[in-house]
Amino acid sequence: MRKIEHIGIAVKSLETSNLLFEKLFGAPSYKQEEVASEGVKTSFFMNGPNKIELLEATNPDSPIAKFLEKKGEGIHHIAFDVQDIVAEMKRLQAEGFILLNEVPKKGADNKLVCFLHPKTTNGVLIELCQEME
C-alpha cells in the first residue's frame, strides 16, 4: 500500500453535505459520479493532498443505505492506493484477511476496487484502489 487514497463518508444527502464540505474546505466538489452497481452517488473533495469521498445511497438495499441505518452518517471506509490490486488481494488473503469481493470491480473515480471485511480489520472497512489505465 502506497498511501491513503481517500476517506469515504456516508451521508444522507449529497446536496446538503456538498454545501457543508464546500464551506469547510472553501472549494466545491471536483467530481460527482454515480456507481449504479453499488447503489451509490459520490462526490469528491480535495483538501491539500487529501481526498474525501461523500457517499449517498441511491436505493434502500445498497451498502451505504444499510450503513446509514445501523450507524448514521460518518466515516464509512478508508481507501488505500495500491500499485497491483490483484497481487495485493492475494497477499492480504494469504495473511488471513477476508475479501468482500474475489475480483477487483470498477469503482468511482476511475478506480478498480476491492474491500476487506471489517471483521478482519478491527472494525474498519478498508478499500484497496488501483487507478484504471
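This report covers the cysteines and the aromatic ring pairs of a predicted model.

Residues are numbered from 1 along each chain as its sequence is written. Local features need pLDDT of at least 70 and side-chain atom pairs pLDDT 80 or more, while totals for chains, interfaces and linings use all residues, and side-chain values use heavy atoms, without hydrogens and water.

**Cysteines**

A disulfide is taken as a pair of cysteine sulfur atoms within 2.5 Å. The count under this rule is 0 disulfides. For cysteine 114 the closest cysteine sulfur belongs to cysteine 129 and lies 10 Å away, too far for a bond. Cysteine 129 is likewise in no disulfide. Buried here means under 20% relative accessible area, exposed over 50%, and partly exposed in between (1.4 Å probe, protein chains only). Cysteine 114 is buried at 0%, and cysteine 129 is buried at 1%.

**Aromatic pairs**

Rings of Phe, Tyr and Trp (its six-membered ring) pair if their centres lie within 6.5 Å; planes under 30 degrees apart are stacked, over 60 edge-to-face, and the rest tilted. The model has 4 aromatic pairs, including these two:

| Pair | Centre to centre | Angle between planes | Class |
|---|---|---|---|
| Phenylalanine 21 and phenylalanine 45 | 5.9 Å | 40 degrees | tilted |
| Phenylalanine 25 and phenylalanine 45 | 6.0 Å | 50 degrees | tilted |

Helices (H or I, at least four residues) and strands (E, at least two) are DSSP runs, numbered from the N terminus. Phenylalanine 21 in helix α1 (residues 14–25) and phenylalanine 45 in strand β3 (residues 40–47) are 24 residues apart. Phenylalanine 25, also in helix α1, is 20 residues from phenylalanine 45. Phe21, Phe25 and Phe45 form one aromatic cluster.
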